[in-house]
Structures are given as structure tokens and as C-alpha cells.
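Trainee: I would be grateful for a close look at a single part of this model, described step by step.

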Amino acid sequence: MNFRFQNLLGAPYKGGNAVVSNSTLLISPVGNRISVTDLVKSETITLPCQSSSNIARIAASPDGIFLLAIDDNSRCLFINLRRRVVLHRISFKKPVGAVKFSPDGAFIAVAVGKLLQIWRSPGFKKEFFPFELVRTFADCDDKVTALDWSPDSSYVLAGSKDLTARLFCLKKLSEFNKPFLFLGHRDTIVGVFFGIDKKTNRVSRACTISRDGAIFSWIYSDTDGNFDKIEGEGSEPPAPGTPEHRQNQNDNGELKKRKNIDDKDSNLIETSHLLHLGKWELLKKDYFMQAPARLTACDYHRGLDLVVVGFSNGVFGLYQMPDFICIHLLSISREKITTAVFNDLGNWLTFGCSKLGQLLVWEWKSESYILKQQGHYFDVNCLAYSPDSQLLATGADDNKIKVWTVSSGFCFVTFSEHTNAVTALHFMANNQSLLSASLDGTVRAWDLFRYRNFRTFTTPSSKQFVSLASDQSGEVICAGTLDSFETGRLLDVLSGHEGPVHGLMFSPTNAILASSSWDKTVRLWDVFEGKGSVETFPHMHDVLAVVYRPDGKQLACSTLDGQIHFWDPIDGSLMYTIEGRRDIAGGRLMTDRRSAANSSSGKCFTTLCYSADGSYILAGGSSKYICMYDVADQVLLRRFQITHNLSLDGVLDFLNSKKMTEAGPLDLIDDENSDAEEGVDKQTRRNLAYNLPGAMPNRGRPIIRTKCLRIAPTGRSWAAATTEGVLVYSIDESFIFDPTDLDIDVTPEAVDTALNEDQWSRALILSLRLNEDNLIKKCIIAVPPIDIPVVASSIPLRYLQRLIEAFADLLESCPHLEFILRWCQELCKAHGHSIQQNYRNLLPALKSLQKAITRLHQDLAETCSSNEYLLQYLCSTGTKK
């Protein structure tokens, strides 16, 4: 039951800015979560921490340890990336336009509305209030949009919507605190960057980029007239009535003046190299010439002196500065590029397109992709795990099917032949083909080796398929339709339902097909013997989903009144009923006239899934909760809240009355600035379920719901297709002390003593009784190969499952491959009959073992075959000579 959030699939990027840390870690916001992709290992993980709304800005510390994430509500999380935990939280008073760590990691520059705030960066120490505000600059006349630090962390360059860039000095000086202004742009500043002199490693240039596609290059020269400038500007008499003027008009006026002059002389050395007081000249103006497209994203690499820019028409350009030489100008999308960033080495470019959910990493020298991932454009409708639990297929309203590798979180193939929403998916037992049903009236079969559509099934008259099932042999395929109230099997039609068939499933043990319909019945069909239904189970309300227990001896179905009914398919009797209305209820929509407690909408389960051993069942629906029930006792074991993202509708139980106006809820009033030039900063999705065309009930605001649930055949993880994406939960790998048969003599010392005395069987059984993972693995590896058959035959039956799980873990991490496989072989020889008798309880552990062996076989097969061919070649060349 100890399931925890593991990963988020189906959405690699949804808006905000991406960051590359340590040259190989790509960090990108995904809604209110953060995804971290290792570009070398080709693995992606999603941090378990959540923000209160969609994340708008992120920044990583120079050493790659800390991450700052700020959401749309200006709430900030300070995260330890390596431990994946939130260290501190803080809220800003205005929307944050930009945030950046200083190069030495000591400060954080935050653009809060018109203000530029400098905060001291928190560390690992426990502090009551870790964030300390060091400086606040209020010189900008409009929202600050871009920031950059000088290499010595002494200066900040800030660009804003008032068409200017300003150079601020972090040190507090007595008289020279006014920022230097970079003027001349005719549109909002998108990027500001310092350039350095490679010989002296000091700031010598600056670069400002505006939204209309103009890039201005500025050069710094430290002139000898700096003293005159200081004396002319700094010795200007204060205005009458100011405190300085009043202080100077006392009896000791001469002494005061002399003190000021002495201070000025002592500050000459300090101010001789102040960037904001030196002479900045406009070197040249260049234009990208991409009108009418607007420049939306940019980045600058100091070491290589390169600028990358992205435009609202999907075009990006790479330019060599300061000569403005175009290296690449390519189109990667038709939508706006919302983030463009270099890695530390400057050889990889990262681009993000939030509207399409697209994330690309491109190596500009070799012109090749390092990473190319794109999520579903609309909500995911259906899921399917492969029999070995290594692959996960998703189908969505964007007519596409994507197949993901569960361990890495990457999509490796996309099928786009369907012309309407994909509604059901099913993996064949051979793990090599995938079935899909769609509203376009076709059922398609896909080859996962050649990545092609090799069979297409249609009905004589056009139907809309919403459910799909296949028998164990894979020879019979059944699909349920939405509008014609019948299920089609190849060339046969099974008629009898009087409403849309929304659930289909074959029995895992025989050829009985179960179908659920909105006509308030569940019907069982024998597809081989005859056309008529074998048995009908009537209900009081519409049946929304049906599912078989893995052993085929129980049938569960959910109805519109929020109940789950459990039937015995052999006797035709009702076994249990679970009342789940109160469990799944929660969350009030903006358009709801009633409170969440009194509303009847969404209080039913639309998807069900049994666990691998059939002991518990997962249920989800149009709610923010997923419920886990114990079948035998009919009790709620656990309730998972799939998100805390307030950017989605249906998350809050109680709406804020302050946001209610005479015209309705404040969030539903369209008062935003509809500036076409700004474009879309975050992914916008419509609810395309079965609503009227063009209907936008919540101004396009997504409603939280769970459309599909699937448990992996290994039983160690399950996936949910939600509005946020595909959430994968797995059993927590952290150590939990769970002794199965504890006694006063069962201790780790007793295990070590037995090992030292070469009592392998006793040591292994003691470690299994302790149920401590490290001890079990230590005892397994300590057994000599010649003694494996004897020790395997002495293992009691009740410890078989724990031992098989240990073998599966060892195969993934231990180098002794042949040794562990020998253990598995001898265990099957000694306890084969018992394993067959108790297959239902042992099935999840055996599936895990099969998954580990299959993965090792795939990894080794190519290497071994290539070595074999190489040896054959070498032998053949030797004989010819």
C-alpha cells in the first residue's frame, strides 16, 4: 500500500523558462511540478514536490544544488535538487518576471513587478527566516522582464517594459547610486547580457535585445575623466530643505564640507572601476528581420560569444557576436518558442514550445537532436501497460498514440494515423503489438518492432468505438461503440445492449466477454459458442465501467450512483457493494451553484482497476481523488489527491467569497490584456470530451479528473491518466522494517554468526524472518554455487514471494548474472508445484522477476550477437590466410 508519486509522463514541458544545470541536467516546469532530464543517461524524473499553481519561473544555483521555483501566485519554493525536498518557502507581493542566482551563489536577483530585489541565498543551515532582503531598486517605470549578473556578482543588468535597460551596482555607495540607463529601444526588453574581455575576465560589453527583433551592442571604456565626472555630479549641492542641506548649514559647516571631500578622495580608488559610472557607448544596432514575428526568447553564452533567439513564428536563430554573423536560422515549430537556453559548454541549445508541450535539445555544431520530446496536446483518455511492465501506451484527444519507456520516462514512438480521439488501448500478450480504438470508427493494430500499422478493422457502417478488449490468444478482438449500442467482433455483431457500451473486458481464464452499458446492465457473452448473452446482471443505475479480477473469479463494476458492485461471474450472485460517493466527492468548480458537499456531479467512478493479486481495487472519476479499497473488507485503504494545482478547476473544496462579484466569479471574467504580441506563455488546453464544439465552460481552464487507471502486471506501480498528464505511482523503495516472523533469537548478529559458520540455509531463513532487504541479499550472494540446490529446497513456502522479489532487485543492480539465474532455476525446480498452486499470490513477484530478466536479455542480446559475428569473421579470415 506504500505507493508514492514516481514520475509524470505525457507532458515534458508546459510553459515557463527551462534551465540547464551542470551542462547535462535539463530542468523544466510541467504545470505545478518540475521535471529533471539527464541528457547523458536519457532519463527523466519529476520532483515529488508541488507548487500551489503553475510554475512560471525557475532558476538553478551555479553549483547545481539548489533550485528556485516561482509560480503564478508569486509563491516561491527553495528546493534541494539532489535530495528532492523543499527547504524553504516564501511569497512575493507582485508577479515575478525574472529570477537569477548570482555567479558566486550568494545572492538571488528577483524582478518583482517594477522592483528589482536582491536576496541573500539560503544555505543548508536551519534558520528561522532564511531569506534576507539585501537591496531593493525601485528605478524602473514598468515591469522588469530580464536580468543578468556580472561575473564578479557586483552588478545587475535589468531590462523592463519601459523600453530601457539599467545597470545597478550592488554595493551601497554614499553618492553614486544612480543606475546607468541604456536607451534607444522601441519595444519591451526581452534579454540583457554582460560580455567579458577574455584577457582580463572583466566586463567590457553589454547586449540588450528587444521584442521587435533589435539587438544593441554596447562597449564599456573606463576613461581618465572619471574624477571630473565624479566631482561634477557628486558635488552638486543638495536641494533646499533636504536633510543634507540642513546638516551643512550649522556652525561646523567647514568641518562638514572638509569631511565630505576627504571621503570623496578615499572613495576614488573604489569608484575608478564602477561600471555604472564609466563610459558606455553604443557600438552598433542590428536587427533580426523576422517581422511581423516577435522575439520571445533569447540567451547569450559569454565564453563563445553566441546569441540564440526564438520567435513567435517558431523560427530560431544562432548568431556570432559582436559581428552579428548568422550561423543557423531554422524553423522548429509553427508556434511561439517560449524558452531558449544554452548549456554551460555552449554546444547544446534547448528550446521549448509551451502551446505544443514540446521540448528540444539540439547540438548546433553537428546539427543533430540530443532530445526531442513532445507531450499530448489534449487530455490523455486511455492507458495500457505492456505485459512485462516496461512500456506504457497513452492515447489522447489529439488523435495520437504515444509509447513510453516507464523506467526512463521517454516517449520513443508516436502513431498518428487515427483521425479522431483515441478512446481505448490494449497490449497483446506477446508484447510485440498494440491495439487501439478510436472515435474515427477504426480499430488499428500496431507493430512495436517495425513501428507501423499492420491491420485496420472497420465496421460495415461507420461507428464510434469507445472500448476495446482481446482474449488471451489474441485471435478475437471486441470493440464497443458509442452510438449504435452494439459490440463488433471482426465480422460478427453481438447485439443486446440498449445503451452505449462503455466497458469491455475478457475473462483472464476463459473466453467469456463482459460488457457494461448505460442501459443499467452488465452482460456476459460467450464469443465462441453462441451470439446470445450468457448472463445479465441488472443494476439500478447506468453502469460506467467493468473489470475482471486477475484470476477471473470476480467481476467489479461501477454505477452512476457512486457504488462499486462485485459479482461472482460463475454463480451470477452479488458478492459485495462499496458505497463510494462520499469518498470521491470533493472539489468545487467555478461554475457550480452548489457547494462541493451538496453537488451531485462527479460523485461516481468512471474507471476501475484491480491490483495484481486482486486484494484491492483502485477507482477514479471526475474528481481530484483516486480511491483504493480493500475488496474483502469493503473499506477505504487510502485516498490519493492527484494534484494541489490551483490553476486547475475543481481542486478547491471552498471557493473564496472575496472573488465573487456581481458579474460572477472573478476568475471567469475575461479582463486580461488580449495583446496578440504577447502570445501564449503557458500551455492552453480545451476540454474535448463530449462537449459541444467550440464550448469553453471555464474560459478554457482545465477541470481536474481521472480518465483511466491501470496497474502494472508486476503490481509494484500504477498509472493514472489525469488532466495534469500521466501520473505514475510506485511502491516506495526506502527501507521499512517489516519483520514477518520475529523471535528473541532472530537478530542480525545471529545471521552473521550463521554465515561465519557456513550455515547457509539457517542464515537465509533468519534474514527472511527479519525481512531486512540488505541482509537477505547478503545471504543469497554468500551461498556457494555448489550449495544452491540444497539451500533452495530448504526454503519454506511462505518465504518464496520475498525471495523472488529479492532476486528481481538483485538482477537489476548485481553483476552476478549467472549466479542469480542459477538461483532462480533451482528454486523453480524445488518449488515448481507450489508456485503453480499459489500463482495468484506469487504473480506480482514473478512478473517483477520476468521484467528484470527480459531487460537484461535485451541489453545483452545485441552485444552477444555482435561479438559472435565478430568472432566468426576473425576465424574465417584466419583460415583463409
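**A helical pair and its neighbour**

Mentor: The axes of α7 and α8 approach to within 8 Å and cross at roughly 165°; axes here are lines fitted to C-alpha atoms, for helices over the stretch in contact, with angles running from 0 to 180 degrees between N-to-C directions. The two helices, α7 and α8, are therefore roughly antiparallel to each other, a term for angles over 145 degrees, whereas those under 35 count as roughly parallel, 65 to 115 as roughly perpendicular and the rest as oblique. The crossing in which α7 passes α8 is left-handed, that is, the near helix is turned anticlockwise from the far one by less than a right angle.

The model is predicted: local features need pLDDT of at least 70 and side-chain atom pairs count only at pLDDT 80 or more, while totals for chains, interfaces and linings use all residues. Residues are numbered from 1 along each chain as its sequence is written, and side-chain values use heavy atoms, with hydrogens and water left out.

Helices are DSSP runs of H or I with at least four residues, and strands are runs of E with at least two, numbered from the N terminus. From α7, the residues W760, A763, L764, S767, L768 and L770 meet L775, I776, C779, I780 and A782 of α8, contact meaning heavy atoms within 4.5 Å. By class, the residues of this contact between α7 and α8 comprise ten nonpolar, one polar and no charged. Nonpolar covers Ala, Val, Leu, Ile, Met, Phe, Trp, Tyr, Cys and Pro; charged covers Asp, Glu, Lys and Arg; the others, Gly among them, are polar.

Helix α6 (residues 748-756) joins this picture through its buried residues, which pack against α7 (760-770) and α8 (773-782). In α6, those buried are A750, V751, A754 and L755. They cover an arc of only 140° around the axis, which puts them on the same side of α6; the arc is that of the directions from the helix axis to the C-beta atoms. On the other side of α6, E749 and N756 are exposed. Buried means under 20% relative accessible area, exposed over 50%, and partly exposed in between, with a 1.4 Å probe and protein chains only.

The loop between α6 and α7 contains D758. Although D758 is not a glycine, its phi is positive, about 60°. D758 is partly exposed, its relative accessible area being 49%.
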